[in-house]
Amino acid sequence: MSDLQHQLKEYYADVIDSVGDGVIVLDDRQLITLMNPAAEEIVAVSRSLARGQAFVALFKGDDVLLEMVDKTSATGMTISDHENIVLKRGGRITPISATTAPLLLASGERIGTILVLRDLTNIRELEGAVRQADRLSTLGTLAAGLAHEIKNPLGGIKGAAQLLQQELPAASELQEYTEVMVREVERINRIVEELLNLASPKKLQLARVNLHQVLGDIILLQKSAIAQKRITIQQHFDPSIPPILVDEALMTQLFLNLIKNAVEAVGDSGLLKVTSRVLADYSMTQKGERTSRMVAVDISDDGPGIKKDQLEQLFTPFFTTKTGGTGLGLAICQKIVSEHRGMIKVDSEPARGTTFTVMLPLIQ
Ligand SMILES: Nc1ncnc2c1ncn2[C@@H]1O[C@H](COP(=O)(O)OP(=O)(O)OP(=O)(O)O)[C@@H](O)[C@H]1O
Ligand SMILES: [Mg+2]
């Protein structure tokens, strides 16, 4: 091979290796001849291992992909599928889109098949977040109307109960009942207020905030509240995270809700971890096509975890499994996060514990 040919070959190899999508090239017998690093990651097989292997051997059970490759190598057709393919590798399930295209020589002769794979995990997560936000906004509008209607009669009941309190002799046993009435009316009132807050968009008071300070303060506060219990709270903060532009009061509310839920989940003893990190592989496109990195805060506990069928309802207003809970905590969290153009997700399995992850853009 001449020097020039050699250089060209390396150049093309570098080009393929640099493509962000997974690329796998098969020869006319469907043996793997080439695989780039992105494909290695998606398929979870090293290319030295894959090279020379039959495609069917590596993708046994992935029927849609096998069918696509067969069809392309038989007919020369280009085929794409963005919906139906999930790869199960090493305990991980990855939704992917795939395209198969014929590998053609300049003469038009078909000498193999090119398979391009794209990891859709991040896209699916974003789609989920958008659906959730949509549902919340419809519910919010409804709830706000209802909340308004409830507040006036509540005021009436409270006023009447207080009058009764004044009319009854101070020593009367009935005073106990009036106290219950006033207390419970106030409780409903608080719930309704929270609901109204949830439904009405408020302007964010943005300022540069040191997230670690906010988290540290909440943890300190919680530690004194749980001093009697055997609960350990660990914090692992990435010192390289700069102050970020957020609404400090809302951040406090957000993380307080999550940390309180974790404390409530573990009961009398358990381990909570609050971790911050910079997300390198997550970027959201800003207006003007600038991408910004995101910071992630994980709040995990080793509590009982959440059943699969409940996971979908967690962020729905009023979903609660606690006696005395309002079920608004996570709905409020969701709203705060989406107002900051971030994402919140939950990862939980019964008996293994729960991790809530909040992702916020470093730049608003
Ligand atoms: N860390 C966690 N571990 C297990 N379950 C959780 C956890 N966080 C939330 N949940 C579940 O999600 C439900 C909804 O949480 P949310 O914070 O919205 O309401 P709540 O905690 O029940 O009530 P409130 O926040 O108003 O006191 C909880 O009732 C609980 O079942
Ligand atoms: Mg809660």
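Predicted model: local features only at pLDDT ≥ 70, side-chain atom pairs only at ≥ 80, totals over all residues.
1. Helix axes here are lines fitted to C-alpha atoms over the stretch in contact, and the angles between them run from 0 to 180 degrees between N-to-C directions.

2. On the side of helix 9, the contact is made by Leu250, Gln253, Leu254, Asn257, Leu258 and Asn261, while helix 11 contributes Gly329, Leu330, Ile332, Cys333, Ile336 and Val337. Sorted by class, this contact between helix 9 and helix 11 holds 8 nonpolar and 4 polar residues, with no charged residues.

3. Turning to the sheet, the model has an open sheet of 5 strands in the order 2-1-5-4-3, with antiparallel pairing. Strand 2 (32-35) and strand 3 (79-89) are the edge strands, each of which pairs on one side only, and from one strand to the next the twist averages 30 degrees.

4. Within this sheet, strand 4 (residues 92-104) and strand 5 (residues 110-119) run antiparallel and are joined by 9 bridges. A position that can be checked by eye in the structure is Ser97, which stands opposite Arg118 in strand 5.

5. Helix 5 (residues 63-75) packs on the sheet, where it touches strand 1 (22-27), strand 3, strand 4 and strand 5.

Definitions and conventions
Residues numbered from 1 in each chain as written. Chains lettered and ligands numbered in written order. Pairing = 2+ DSSP bridges. Helix = DSSP H or I, 4+ residues; strand = E, 2+ residues; numbered from the N terminus. Contact = placed C-beta atoms within 7 Å. Nonpolar A, V, L, I, M, F, W, Y, C, P; charged D, E, K, R; others polar.
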